[in-house]
Number of protein chains: 2
Amino acid sequence: MKEVTIAEIGNYVGQEVALNGWVYNIRSIGKIWFLIFRDGTGLLQCVVVKSEVDSDTFEMETKLTQESSVRVTGTVRAEPRAVGGFELGIKSIAIFQIAKDYPISPKEHGTAFLMDHRHLWIRSKKQHAILRIRHQVIKACRDFFDQNGFTLVDTPIFTANAVEGTTNLFAVDYFDRSAYLTQSGQLYGEAGAMAFGKIYCFGPTFRAEKSKTRRHLTEFWMVEPEIAFCDLDKDMDWAEKLVAYIVQWCLDHCGTELKTLERDISKLEKVKAPFPRITYAEAVEILTKNGVDFEFGNDFGGNDETIISEQFDCPVMVHRWPAEIKAFYMKRDAENDDLALGVDMLAPEGYGEIIGGGQREDDYDILVKRIEEAGLPLKPFQWYLDLRRYGSVPHAGFGLGIERTVAWISGIRHIRETIPFPRTIYRLEP
Amino acid sequence: MKEVTIAEIGNYVGQEVALNGWVYNIRSIGKIWFLIFRDGTGLLQCVVVKSEVDSDTFEMETKLTQESSVRVTGTVRAEPRAVGGFELGIKSIAIFQIAKDYPISPKEHGTAFLMDHRHLWIRSKKQHAILRIRHQVIKACRDFFDQNGFTLVDTPIFTANAVEGTTNLFAVDYFDRSAYLTQSGQLYGEAGAMAFGKIYCFGPTFRAEKSKTRRHLTEFWMVEPEIAFCDLDKDMDWAEKLVAYIVQWCLDHCGTELKTLERDISKLEKVKAPFPRITYAEAVEILTKNGVDFEFGNDFGGNDETIISEQFDCPVMVHRWPAEIKAFYMKRDAENDDLALGVDMLAPEGYGEIIGGGQREDDYDILVKRIEEAGLPLKPFQWYLDLRRYGSVPHAGFGLGIERTVAWISGIRHIRETIPFPRTIYRLEP
């Protein structure tokens, strides 16, 4: 008999098929009972009718428990009222294993309990949907860069120096010395851009932040393009094209998941390039107009970001920042040396910053000066300075945070639900 | 003027275009000189003819140095004798920056010197080709799984326990405790397979191995599928389908790079599923027949692997291993309890093991027994045991090492050249 998955069941209407999976739920109405069945690709209503099966099968209603593993066979029927639009008229059920006392019941559980059972919680409808969206967000990022001539350059996780201090860095015992876990692949990505023109790196990054807010994980994933012969304007072009592509891809491929999450699709449908671009100064004006007591020159907090982003339907790009609050490697604005050519992209609906980036300083002498001004040692930057010694070119790039992007697209407030096994200051398990 | 890349230049024959990039080399024959130009997407011969350009441009021959950054404009011509089949008749050259004393000259350099200049070395033709192949190998892996209904489940890098000892683990200072960097996503992948049916994880993994052989990096990338309702035979089906797909993809998309590396393509063209499958016992027989003094029950060394793999044109899968030398979670052969249902895939031409995997023990009681027999504590495995408590099913998976696969396809002996910034016991920089 043909073995199929729920995802493809629409191709087998009228045929007898077999499926392997798990019991999601059971409902009874007397001489008929319903097995809501999951196989990882979706949910399927299976109908067990007393007159159509042998008594052993019919009596399984009392045996089968939530998350028991089973093989079901039966005939596929179109059924508009059922989840997914199809149902299975059961012929037989074979049991792999009966699950006893599955800990996650349909009743409400606290977050700590669910996180302690994360290895099981990911089977639940909502978590399942978020992580499927995560997969498609990542696929969209990679496809976008692959289709646009970028080369993947995996940057290292182990780095040798904690040049900007060890405060937010994780230290590793590396044989007879210490290594530090990467916070960004950018500097290495710049070397890659000089070799390949346009590159992206994509991997986990780490921040030992003692923050307990809903926006921070110690381990999170970033995709970071870096582009030779690119200025701030073109950098913003790439950023908006990428984000518009991701959103459209998810609208096209995650309809079921977005519905499960009751996401307001109309909000996502408005996300089309070009996105609004405002200067830092204009962003501060928005805050002042909205009654925020904000001091010019500071960085924006979460609430500030929310107020700014709520002015727009699309993600908004804030550029030209006070140089003092941005990194040493940012190029300054030719028209105002106090401004760094950086850009942050804020997601709509208060989901906060999803992209940070900008144009890099490409002049050797100025970069040396910046490193010295920042009070950093020159020695560990010699290889990075080589990129300005040997064929320096204007270049720019940015990093997109995967978890925050998934949170926004899914409409989920806690980024800890946007990664399969979240790591925070208090959580290393499961 | 249209700005184009070398990769797409074939579309612009007869047209005037501009390209941004770097000087790769310069050759002179008197009233004509050739600029070999690179832009990250390829190499292009640019011809500067005295009678066709102004004197400033013609005199740039003496100014331009290796790796200087330039913008060239000119007319595209078909030229079968030139690299890539096209050349540019130069009209003008604008200089971004003159590179002084670029350290990597066409002369021979030692490996340590080149590795110290890895951030520049990746611009060289051969390294560039290897890393482009790496990109396509990774893309092929992801596409393969995406097209076959697998869900990407990123498994955590930080893990809480060093249950099998800390010998090969990197320890991290994690706030008030220790964490360890993952060596494999498998156990978490199994949780993913129970939620999504078929999953893969893909990320960096870490081994604090004090090994200096050419086969070991401390940081390397692995793709690890895990499949519910899958036995050892089906696991081998997936493994051979994946590897055949990767090789075919590279043959179809990396022709230029394989040619640059002078790879014997005919060897790769023979790699078609099905691959040979032999038992461990049969592999030992091969060794004995070839005069190796091998003790049954041991693991194979590098030389053993080479001898076994040289018997076949395709990668060979060695299955059913002595249980004592395999991990506790491997399911035993129903017909011989001393054998574990594991499989290693050895690449041809002596490139060694590229895949390790097998069927997992899915019975709760047996798994508890195995953990105890291995002298491991039960507590940190409680979440893993939950996968056998709640809807356990037969399942299997494997891990494919990206660097070894790239080394094999590229025909490169040292895996340190298969990753942009290799990390070894002695190397954390650049």
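Which residues does Arg370(A) touch, not counting residues up to four places away in sequence? They are Phe328(A), Arg332(A) and Asp337(A). Welcome to a short tour of this predicted model, which scores ipTM 0.97 and pTM 0.97. Chain A has a mean pLDDT of 95, and 98% of its residues reach 70 or more. The points below go from the whole chain to the pairing of the copies, and then to single residues.

**Chain A as a whole**

- Chain A is built with 14 helices and 18 strands.
- Taken along the principal axes, the box filled by the C-alpha atoms of chain A is roughly 85 × 55 × 40 Å.
- Chain A counts 430 residues, and 59% of them are buried.
- Among the contacts in chain A with a separation of 6 or more, 66% join residues 24 or more positions apart.

**Two domains in chain A**

- Chain A splits into domain 1, covering residues 2-97, and domain 2, covering residues 118-418.
- Between the C-alpha centres of domain 1 of chain A and domain 2 of chain A there are 45 Å.
- Where these two domains of chain A touch, six residues of domain 1 are in contact with five residues of domain 2.

**How the copies are arranged**

- Chain B is superposed on chain A by a rotation of 180° with 0.0 Å of shift along the axis, and the RMSD is 0.0 Å. The two copies are therefore related as by a two-fold rotation axis.
- Which residue of chain B comes closest to the rotation axis? That place belongs to Val172(B), with its C-alpha at 2.3 Å.
- The copies meet through the same surface, because 100% of the interface residues of chain B are also interface residues in chain A.

**The nonpolar core**

- In general, nonpolar side chains of soluble globular proteins tend to be buried together.
- Here the largest nonpolar core has 114 residues.
- The residues with the most contacts inside this core come from both chains: Ile402(A), Trp408(A) and Ile409(A), along with Ile402(B), Trp408(B) and Ile409(B).
- Ile402(B), one of that group, has a list of contacts beyond its neighbours within four places in sequence: Arg134(B), Val137(B), Ile138(B), Cys141(B), Phe202(B), Trp221(B), Met222(B) and Val223(B).

- Arg370(A), the residue from the opening, sits in helix H12 of chain A, which spans residues 364-373. Is Arg370(A) buried or exposed? Its relative accessibility is 6%, so Arg370(A) counts as buried.
- Ala407(A) belongs to helix H14 of chain A, residues 402-410. Ala407(A) is buried because its relative accessible area is 3%, and buried here means under 20%.
- Not counting residues up to four places away in sequence, Ala407(A) touches Tyr351(A), Ile412(A), Ile415(A) and Thr418(A).
- Ala407(A) and Arg134(A) are 273 residues apart in sequence, yet their C-alpha atoms are 8.9 Å apart in space.

**Backbone details to look at**

- As background, most residues other than glycine have a negative phi, and most peptide bonds are trans.
- The peptide bond from Ala273(A) to Pro274(A) is cis, with omega near 0°. Pro274(A) is in the loop of chain A between helix H9 (265-269) and strand E13 (277-279).
- In chain B, the bond from Glu429(B) to Pro430(B) is also a cis peptide bond, with omega near -5°. Pro430(B) is in the segment that comes after helix H14 (402-410) of chain B.
- Phe175(B) is not a glycine, although its phi is positive, at about 55°. The loop that holds Phe175(B) runs between strand E9 (171-174) and strand E10 (177-181) of chain B. With a relative accessible area of 22%, Phe175(B) is partly exposed.
- Glu349(B), a residue other than glycine, has a positive phi near 60°. Glu349(B) lies between strand E16 (336-347) and strand E17 (352-359) of chain B, in the loop that joins them. At 21% relative accessibility, Glu349(B) counts as partly exposed.

Technical notes. Residues numbered from 1 in each chain as written. Chains lettered and ligands numbered in written order. Predicted model: local features only at pLDDT ≥ 70, side-chain atom pairs only at ≥ 80, totals over all residues. Heavy atoms only, no water. pLDDT = per-residue confidence, 0-100. Least-squares fit on C-alpha atoms with pLDDT ≥ 70 in both. Contact = heavy atoms within 4.5 Å. Core = buried A, V, L, I, M, F, W, Y, C linked by side-chain atoms within 4.5 Å. Buried < 20%, exposed > 50% of the residue type's maximum accessible area, 1.4 Å probe, protein only. Helix = DSSP H or I, 4+ residues; strand = E, 2+ residues; numbered from the N terminus. Domains from an automatic or database assignment.
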